[in-house]
Amino acid sequence: MKADDIVRLVSVSSPTLSPDGGTAVVATAHPDLDADTYVGQLWSVDVKGSTSPRRITRGFRDAAPQFSPDGSAIAFLRAEPGKPAQLYVMATTGGEPIRVTDRKLGVSEFAWSPDGSTFAFVSREPEHGRYGTVEGVEPGAEPPRRITTYRYSANGVGWMRDRRTQVFIVPVPDLSAEPVVQPVASSEGPVESRAWVAEPRALTSDDAEHGAIAFTADGRHVAVVSDGHPGADDDLRSILTLVPVDDGEPRSVVGPDANLSMGESAGAVVVAEDGAVYFVAQDMGESGRDFVARNSGLYLVESAGERPRRLTDDETVDLTGSDVVLSPHGALVRNTERGRVTLLAVGRDGAVTTLVRDREVTGAASAGQTVAFTFQSDSTFGDLAVVDVARLGDEPTENDAVRVLTDFSSEVRASGIRTPIEFETTGRDGYPVHGWVVLPEGEGPHPVLLNIHGGPYAQYSVHLFDESQVYADAGYAVVYCNPRGSAGYGQKHGRAIKGRMGTVDLNDVLDFLDAAVAAHPELDGDRVGILGGSYGGYLTAWTIAHDHRFAGAIVERGYLDPQFFFGTSDIGSFFGEEYNGADPELVAAQSPQAHVGAVRTPTLVMHSENDLRCPLSQAERYFASLKRSGVETELVIFPGEDHELSRSGRPRHRVQRFGIILDWWARHLPSGRNSVTATE
C-alpha cells in the first residue's frame, strides 16, 4: 500500500436495521484527493445475503443512518461541500431526501421519537453576533471573548462556550406531501426559492455541553447527558437528565454525586421499554477528575431515585467509546480487549456473553433476532457482518456463526497489504508485552521502525493500519506494541505509568523491540528508527534522550512539556496533574523538554497549526531546544490541521505527511525501496 492508496480506505458507520431485521443500512466514507475531503453515501444491504450491497443515496457526504421505528423511512446526516451536516429523511421506498434542519453550525446527532413523529437533535447554538449570525460581521470583527473558565475550547471544535451544544426537537416532515417553497433573501443576488424547513424548538438552553440523547419509550422525555452542574470546570463529572418534550420540569437520573463521566456521543444512553436507563460511563473517583486508565463500564438505573449500578467488571472490561444497543440477548456493548474490540451482550444481572471476539467491532444493531455489526480486521478497514447468536459456542465456532455481508476493502487489498504477525514477549521485569510485527517483501535484513501509539490509554489493534502498510511498502519492518499505560489489558496495566511516565513504558517498548529483532532474522537490529504521535511523540522524545541506538526519530503532535501544557491545551487543566502529578520536581523528572539536552538523535518534529490538544508551542520549544543543542532537526507545520491530522486531516495533507516521513527515513534510515537514490 502506497500513500495515495488512502483513497481506497473505506470506513463504515455503525449499522441500522429495519424493524424486521431483514435490511441493514450503513454509511461509507473515504478520502478523495481531488476534492481534498471525505465523501460517502448510504448503502442498503440484504441481511440474508442474496443480493449485493446497493448505494441508496448520492450525497457528497451522507452519514449516521437510522431507520424510523416503523421502518418506512431512513434519517441521516448530509454535509454539502464546505457546509456543516444537516438532518435529512427519505422514504425507504425511494425518492429524494427531504432536508429537516437548516442549522447555522449543523447537526451532530439525532434520535427518532418512538412514534416516528418527531426528531430530537443536537446542534451548536451560536451567540448572536458570532459565527455568521449577523451578515457582514466576519470572525475578526466579532466582539472580544471574556473568559473565566479553564475549559473554553476543544480540539477540532475551537471556541465552544459561545456556541454550546443544545438539544432541539422538530417534527418529521410528511414524506408524501408536496414541498412548501418559500422565498429566501440572498446577499449574493436576487431572491431565491427554497423548500421550507420547520423551525426547531429548543429543549435545553443552559451553559453546558449536551449529547447522547435518547427518547423514553412513551416519547414524553429525552434523556440527555451534559456537564451542566456546579463545579463542572474543575472536574470531569457528567449528569444525566430526563428533559420533558412538552411541559414539566427536568428530572435528574444521575447527578454529580455519582462521580461518573458519561459518554456524550450518540448511542451512549438508551432507555428500555420499562423506563430503565442504560449508559456507558467512567468512575472518576472522589475527586471527580481521576480519569487515568479508568475503564468505562455499563451502568443501569432501573427506577427513579436509584443509584447507578455497574453491570460490567471495572478491571477487565473497558467500554470506552462504546454505544449501547438493546437486544433480546442483552445490552450490546463493545469492549476494548488485547488489541481487539469485542462485542458483548450484558444482562441486567451482569451476566456477560461474548458474541464476537477476534475483530475490532466498530458498531452494532439489533432487530428481531438479527444482530448486525461493523468491524475492522487485518484485511479490512471496514465491513458489515451478522452473527447468528444461536450458533455461538466455544471460540473455534465463531467463524461459523459470523457471516460477512460486504467487501468494501477489496481495492486496498488489491493494492497490496502485508499481514501483521502477532507477537508477545516477556520484558526485563517479567512483565508480558504484546504487539505486532509487519514485514516488508523480501528476505531482508530490513531496517526497522519502532512505532508508538498515542493516548496513552489507547491501543494498537488488529485492524488494517495505513501507517504500517505504507512503511512496509517502502521496505521497512514495522514493530509496534501496547506497553504499560495502554488500554485493553486492565486498569492496573493502564495506571502503571500514573506519576511515572517514561519508566516501565519505556522498558516495555524497548524490550519488545529487542525481542522482535531476536525472533525475526529479517529485522536488522543495527538499523532502527523510532516514531510516534501525541503520547507516542512523548515516548519517542523521552526514548531518544535515554537510548542513542536510533538512526533517526520523528516526534509528531507530541506531549513534550508538561509544565507548559497547563493553560495552553484544551485538556491542560487536568491531564498533566493526573498523569504526572503536581510537584515540580516530579513533573520535570517525566518531561522530555527537561531532558532535551541529552538527545543526539536526528529528529524530525511534526505538528499541526490548529492543534489544541497538544498545542503548537509544545513542538516549537522542543524543536528550538534541539537546534540550540546542535542536534540535526527540522520542524514541519501543517496549516489548518488539528490533532487528528494523521487520521482525519485533509487527504492531500495526509499524503504529503507520508511523503515527508519517507523522505526523512530515506535520508537517515534508507531501505532498498526508500533511499535518496531510489526516490530521485
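**Close-up views of a helix contact and selected salt bridges**

**View 1. Contact of helix 5 with helix 6.** In this predicted model, helix 5 contributes Asp505, Leu506, Val509 and Leu510 to a contact with Tyr535, Leu539, Trp542, Thr543 and His546 of helix 6. By class, the residues of this contact are 6 nonpolar, 2 polar and 1 charged.

**View 2. Salt bridge of Arg130 with Glu142.** The closest N and O atoms of Arg130 and Glu142 are 3.6 Å apart, and the two residues form a salt bridge. Both Arg130 and Glu142 lie in the loop between strand 12 (118–126) and strand 13 (153–154), 12 residues apart. Arg130 has a relative accessible area of 6% and is buried. Glu142, with 12% relative accessibility, also counts as buried, because the cut-off for buried is under 20%.

**View 3. Salt bridge of Asp290 with Lys498.** Asp290 and Lys498 form a salt bridge in which the closest N and O atoms are 3.7 Å apart. Asp290 counts as buried at 12% relative accessibility, whereas Lys498 counts as partly exposed at 29%.

**View 4. Salt-bridge network containing Asp290 and Lys498.** Asp290 and Lys498 are part of a network of salt bridges that also links Arg289, Arg294, Arg495, Glu577 and Glu578. In the model, the count of salt bridges comes to 50.

**View 5. Salt bridge of Arg348 with Glu302.** The side chains of Arg348 and Glu302 meet in a salt bridge, with an N to O distance of 3.2 Å. Arg348 is in the loop between strand 30 (340–346) and strand 31 (352–356), and Glu302 is in the loop between strand 26 and strand 27 (309–310); the pair links distant parts of the chain, 46 residues apart. Arg348 is partly exposed, at a relative accessible area of 29%. Glu302 is likewise partly exposed, at 31%.

Definitions and conventions: Residues numbered from 1 in each chain as written. Predicted model: local features only at pLDDT ≥ 70, side-chain atom pairs only at ≥ 80, totals over all residues. Heavy atoms only, no water. Contact = heavy atoms within 4.5 Å. Helix = DSSP H or I, 4+ residues; strand = E, 2+ residues; numbered from the N terminus. Nonpolar A, V, L, I, M, F, W, Y, C, P; charged D, E, K, R; others polar. Salt bridge = Lys/Arg side-chain N within 4 Å of Asp/Glu carboxyl O. Buried < 20%, exposed > 50% of the residue type's maximum accessible area, 1.4 Å probe, protein only.
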